[in-house]
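Here is a short briefing on one structure.

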Amino acid sequence: MGGLIEAIVSELGRFVIACISRFGYGGILFTMAVESACIPLPSEIIMPFSGYLVTTGQFTMLGVTLAGAVGNVIGSVVAYYAGIWGGRPFVERYGPYFLVSRRDLDVADRWFHTYGEAAVFFSRMLPVVRTFISLPAGIARMNFPRFVLFTFIGALPWCYLLAYIGLKLGERWEGLHEYFHQLDLVIGAGLAVALAWFLWSHWPSRRRTDAA
């Protein structure tokens, strides 16, 4: 299991880095759109790497922040219309194939029904809810222009924060270089644990779907 998780984390990282390195701002936009369409491609990899590339002169902070936020909007619109066209039964039926569990949907539902349209804005910096809040917004047929606006302005600080972390790490690269191997092991272990928990908590719901 450890080897499988390590391979998955490694492949995710390689895919993100290759996509952004090759397509520039378009790669940031695309990968953030994938994440926001409820497909597990973590922005915690996408945006810090983009911020790191600011230190090389390839990007600007404004550019990576806007690309990330626009990608977030595009992916969220896809999830929003999935909620409108298929409703909750559709999401429950096919969501597990993308590791979207009923529990994830329940959490996002509670947030949306508790905080209303404001949840679309405030949840963009929260785990789980950030990725899935667009589904209940679509099911509830939230006003579309307001959905797009709240998604965009909510995504901006999250994208900037993650890119800023990558920027600061990039600026201190020489000072961190001698500690990089140890740091890499810690980060890798943390990602492996997080991904293992995610797969463990989501995969059973897919198996139940297949059995049904």
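Met125 sits in the loop between α6 (118–122) and α7 (129–132); helices (H or I, at least four residues) are DSSP runs, numbered from the N terminus. The model is predicted: local features need pLDDT of at least 70, side-chain atom pairs count only at pLDDT 80 or more, and totals for chains, interfaces and linings use all residues. Residues are numbered from 1 along each chain as its sequence is written, and side-chain values use heavy atoms, with hydrogens and water left out.

**Surface patch**
- Met125 is partly exposed, at 36% relative accessible area (buried means under 20%, exposed over 50%, partly exposed in between; 1.4 Å probe, protein chains only).
- Met125, Leu161, Ile165 and Leu169 make a nonpolar surface patch of about 320 Å².
- Patch residues have over 30% relative accessible area and no salt bridge, and nonpolar side chains (Val, Leu, Ile, Met, Phe, Trp, Tyr) are joined within 5 Å.
- A salt bridge here is a side-chain nitrogen of Lys or Arg within 4 Å of a carboxyl oxygen of Asp or Glu.
- Accessible areas come from the Shrake-Rupley method with a 1.4 Å probe.

**Aromatic pairs**
- The structure holds 9 aromatic pairs.
- Rings of Phe, Tyr and Trp (its six-membered ring) pair if their centres lie within 6.5 Å; planes under 30 degrees apart are stacked, over 60 edge-to-face, the rest tilted.
- Tyr80 and Tyr81 form an edge-to-face pair, because their planes stand at 85°, with ring centres 5.3 Å apart.
- Tyr80 is buried at 3% relative accessibility, whereas Tyr81 is partly exposed at 27%.
- Tyr81 also pairs with Phe144 in a tilted arrangement, 5.6 Å centre to centre and 50° between the planes.
- That pair links distant parts of the chain: Tyr81 is in helix α4 (residues 61–94) and Phe144 in helix α9 (residues 144–171), 63 residues apart.
- Phe144 is partly exposed, with a relative accessible area of 29%.
- Ring pairs join Tyr80, Tyr81, Trp85, Phe144 and Phe147 into a cluster.

**Polar contacts of Ser76**
- Ser76 lies in helix α4 and is buried, at 0% relative accessible area.
- Its side chain meets that of Arg124 in a polar contact of 3.2 Å.
- A further polar contact, 3.5 Å, runs from the Ser76 side chain to the Ser134 side chain.
- A polar contact is a pair of N or O atoms within 3.5 Å; within protein, one must be able to donate a hydrogen and the other to accept it, and residues adjacent in sequence count only if both atoms are side-chain atoms.

**Helix α3**
- Of the 12 residues in α3, 10 are buried, including Ile45, Met47 and Phe49.

Key
Helix = DSSP H or I, 4+ residues; strand = E, 2+ residues; numbered from the N terminus. Patch = residues over 30% accessible without salt bridge, like charges linked within 9 Å, V, L, I, M, F, W, Y side chains within 5 Å.
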